[in-house]
Amino acid sequence: MIAFGPVPSRRLGQSMGVNNIPPKICTYSCAYCQLGRTIKVQVKRQAFYEPTDILQEVGEKIAAARDRGEPIDYLTFVPDGEPTLDARLGREIRLLKPLGIPIAVITNASLIWQPEVREDLMEADWVSLKVDAVQEPVWRRIDHPHRSLQLAAILEGALAFAHSFGGRLVTETMLVAGINDGEAHLSEVADLLSRLQPAVAYLAVPTRPPAEKELRPPDAASLNRAYQLVSSKTPRVEYLIGYEGDAFASTGDPRVDLLSITAVHPMREDAVDTFLARAGEDRSTLHDLLGQGQLVETAYQGHKFYLRELRQGTRSRDPASAARQTRA
Ligand code: SF4
């Protein structure tokens with residue numbers, strides 16, 4: 001199936017997926033990949049599907065969704081592999097554009113050092129670049145890249161793309177305990193993100209069974225530290241932990257709103273107090289959520305912070321749909 005959805009995505013609203021790569025061909029075999037080990041690790045771009053077949057299948061899916069009254073906010077290239085391996089990606093985007101729906105591409109950025117890949121991505125309206133590591137050994141440990149790839153060239157390519165791309169650029173950094181969540185490494189990641197200037201720097205954690213079963217997400221203290229380090233250099237940082245709530249719309253229920261907000265970013269103690277006071281609630285609300293294990297408390301630089309408990313945040317109404325949206 002080349003087209004799937006639309007499925008709910010916190011980043012993209014109602015997103016119809018475009019699966020332009022056969023399973024699972026990728027330039028990486030990430031330790032955390034929820035699609036399992038990469039079947040074919042390759043870096044040579046090639047043609048996979050006929051662009052006209054993609055157009056036809058996407059067109060049929062759009063028509064079916066519209067018949068059901070379902071809106072579509074984005075057409076998103078989020079395949080069972082790396083979308084830029086498709087040598088006809090740019091042509092496919094150009095073919096889909098007249099459908100009148102913005103186009104998104106979620107890429108691991110491993111081929112962005114090639115000018116023709118950057119040109120293809122320029123055709124999109126929204127691009128997400130993966131930035132898991134900026135140190136070679138960390139990158140090799142977490143992303144298991146094809147042996148011919150060079151991290152320095154990838155980071156340079158990402159910067160060149162960021163400086164010339166006219167659409168909305170975001171980044172995604174998958175944090176894994178003990179691999180890339182150390183303070184020194186994350187400080188360098190934050191430096192790079194400050195140069196890329198993404199509209200939003202997303203911090204993700206593995207929420208579904210990873211390729212390497214023993215991997216764990218960072219604990220609350222590491223997650224909070226990562227947030228503080230990156231947000232000190234990048235204006236907008238958000239967690240991406242598989243939770244599809246909307247932190248920016250009030251439901252009128254302070255408990256639900258507090259959980260939605262803390263799923264996206266940690267809240268400092270004074271901000272929680274202000275929030276509760278405005279909602280006419282007292283600290284018992286906070287204590288209840290802590291007691292129920294829905295919130296966790298952690299400290300950083302002399303302040304207390306509150307985060308959504310990860311296991312609560314990973315619940316999804318449709319796990320398969322969420323998996324498609326959060327991968328790559
Ligand atoms: S997470 Fe994405 S980039 Fe990494 S192996 Fe899986 S499909 Fe490839």
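Mentor: Gladly! Keep in mind that this is a predicted model. Let's start where helix H6 ends: Gln-197 follows H6, and the phi of Gln-197 is positive, near 50°.

Trainee: How far apart should the ends of helix H6 be, and what does the model give?

Mentor: H6 covers residues 183-196, and at 1.5 Å a residue its 14 residues should span 20 Å. The C-alpha atoms at its ends are 20 Å apart, so expectation and model agree.

Trainee: Which residues of H6 are buried?

Mentor: First the general idea: an α-helix has 3.6 residues a turn, so residues three or four places apart point the same way. In H6, the buried residues are His-185, Leu-186, Val-189, Ala-190, Leu-192, Leu-193 and Leu-196. Their arc around the axis is only 165°, which means that they sit on the same side of H6. Ala-184 and Arg-195, on the other side, are exposed.

Trainee: And what covers the buried residues of H6?

Mentor: The cover includes helices H4 (136-143), H5 (151-164) and H7 (220-231), together with strands S8 (168-174) and S9 (200-204).

Trainee: Now the side chain. Is Asn-20 buried or exposed?

Mentor: Asn-20 belongs to the loop between strand S2 (13-18) and strand S3 (25-26). Its relative accessible area is 0%, so Asn-20 counts as buried.

Trainee: What lies 3.3 Å from a polar atom of the Asn-20 side chain?

Mentor: That is the backbone oxygen of Pro-83. Beyond its neighbours within four places in sequence, Asn-20 also has contacts with residues including Phe-48, Tyr-49, Phe-77, Asp-86 and Glu-92.

Methods: Residues numbered from 1 in each chain as written. Predicted model: local features only at pLDDT ≥ 70, side-chain atom pairs only at ≥ 80, totals over all residues. Heavy atoms only, no water. Helix = DSSP H or I, 4+ residues; strand = E, 2+ residues; numbered from the N terminus. Expected span 1.5 Å × (residues − 1). Buried < 20%, exposed > 50% of the residue type's maximum accessible area, 1.4 Å probe, protein only. Arc of directions from axis to C-beta. Contact = heavy atoms within 4.5 Å. Polar contact = N/O pair within 3.5 Å; in protein donor to acceptor, adjacent residues only side chain to side chain.
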